[in-house]
Structures are given as C-alpha cells and as structure tokens.
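This short report is meant for someone meeting the structure for the first time. Please look over the sequence and the model before reading on.

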Amino acid sequence: MVSDVILAALNEQIKVEAESSQIYLAMASWAEVKGFEGIATFMFKQSDEERAHMLKLIKFVNQRGGHAKVSALEEPKLDYTSFRTLFRQLYEHEVKVSECINVLVDISLSEKDYATHNFLQWYVSEQIEEEATAKVILDKIDLIGDDKGGLYMFDNDMKNFTSSGHNIVQ
Ligand code: FEO
C-alpha cells in the first residue's frame, strides 16, 4: 500500500511523463512539417517512450493499492526557431525530469517505502541514458555547424537513434 505522500508524488510524476510525451509529440509534428524526416521519426519514438514511462507508473500505483490520476496537461511551450533549439530544449527537459525523479527517490526514502524506491531505480537508469543520448545529439549538432550536407546526414542518422540511447549509430 502506498502512503498519501507517495501517491501524490507518483501522480505528479505521471503528469510529468505525460507532458514529456506531449512535448516530444509537438517537436515531432514540427520536424515532420519542416521536412526533417529522421528527426520526426526520433521524436515520435521519444513521445511513445514517454507514454510508456507514464503507463509503467500508472500500473505500479494501481498495483500498490493507490489510484493513478490522469491529469489535464499543459500545452507545450516551445521555441521552434531551429532544430538546434529543439534539441537544446529536449536536453534541458530531460535534466528537469531527472531532478523530479531524484526528488521522488528522496521522498520514497523519507517515507521508508522501499518497494517504490526499488521501482524508481529503473527511472534513475533511464534518465542517465536519456541525458547521455541528448548530449550525444547536441555534440553532433555542434559538429555540423552550418553545413547543409552534414544536416542531411544528421537527419538521416536520427532515424536510427533510439530515445533511450540504445543502438546509437555514430
Ligand atoms: Fe520519461 Fe524522458 O523522461
């Protein structure tokens, strides 16, 4: 059974993951309209992954005797100046999500909820991977500079990136 404190914190994280999914969906749609096929593919996958993160939390909360809440979501507020700004925002968003997970881990320890603490370790690892992936992508973007050929290759490469950092084609 989860405590009210843990339940509220987990429900908050469900919202964070749902909003992450919306943010990447908005990025995917922008990229698709702009003709960045690879970036759009990556962002759609990223959005699906965030939804999976949300579902995993919902299942856990309900299994532990809580009731997972499905909240209203904020409309993503994004700067669509360029694909660079998009990936910068993706990185910054993942850093924020990592902070949320860290706070949750702290709460699980102070509540002595070791089942939730154990469950959250998966998210801790996932965040390490997601931040690392975002960093790799930002480094690649820095390398391209204003080279159009490089951008074409980058977009093509993005099709093979997975959002959790596995099977990255360098
Ligand atoms: Fe589920 Fe990328 O945070």
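## Helix 4: bend and length

Helix 4 bends by about 25° at Leu120, a feature that the reader can look for in this predicted model.

At the N-terminal end, helix 4 is capped by Asp113, which places a side-chain oxygen 3.4 Å from the backbone nitrogen of Ala115.

## Packing of helix 3 with helix 4

Helix 3, made up of residues 83-110, packs with helix 4 at an angle of about 160°, and the axes of the two helices are 9 Å apart. Because angles over 145 degrees count as roughly antiparallel, helix 3 is described as roughly antiparallel to helix 4.

The crossing in which helix 3 passes helix 4 is left-handed. Sorted by class, the residues in the contact of helix 3 with helix 4 are 18 nonpolar, five polar and six charged.

## Helix 2

Helix 2 consists of the 27 residues 37-63, which at 1.5 Å a residue should span 39 Å, and this agrees with its end C-alpha atoms, which are 39 Å apart. Just after helix 2 comes Gly65, where phi takes a positive value of about 85°.

Definitions and conventions: Residues numbered from 1 in each chain as written. Predicted model: local features only at pLDDT ≥ 70, side-chain atom pairs only at ≥ 80, totals over all residues. Heavy atoms only, no water. Bend = angle between axes of the 7 residues up to and from the residue. Helix = DSSP H or I, 4+ residues; strand = E, 2+ residues; numbered from the N terminus. Polar contact = N/O pair within 3.5 Å; in protein donor to acceptor, adjacent residues only side chain to side chain. Axes fitted to C-alpha atoms, helices over the stretch in contact; angles between N-to-C directions. Parallel < 35°, antiparallel > 145°, perpendicular 65-115°, else oblique. Left-handed = near helix turned anticlockwise from the far one by under 90°. Nonpolar A, V, L, I, M, F, W, Y, C, P; charged D, E, K, R; others polar. Expected span 1.5 Å × (residues − 1).
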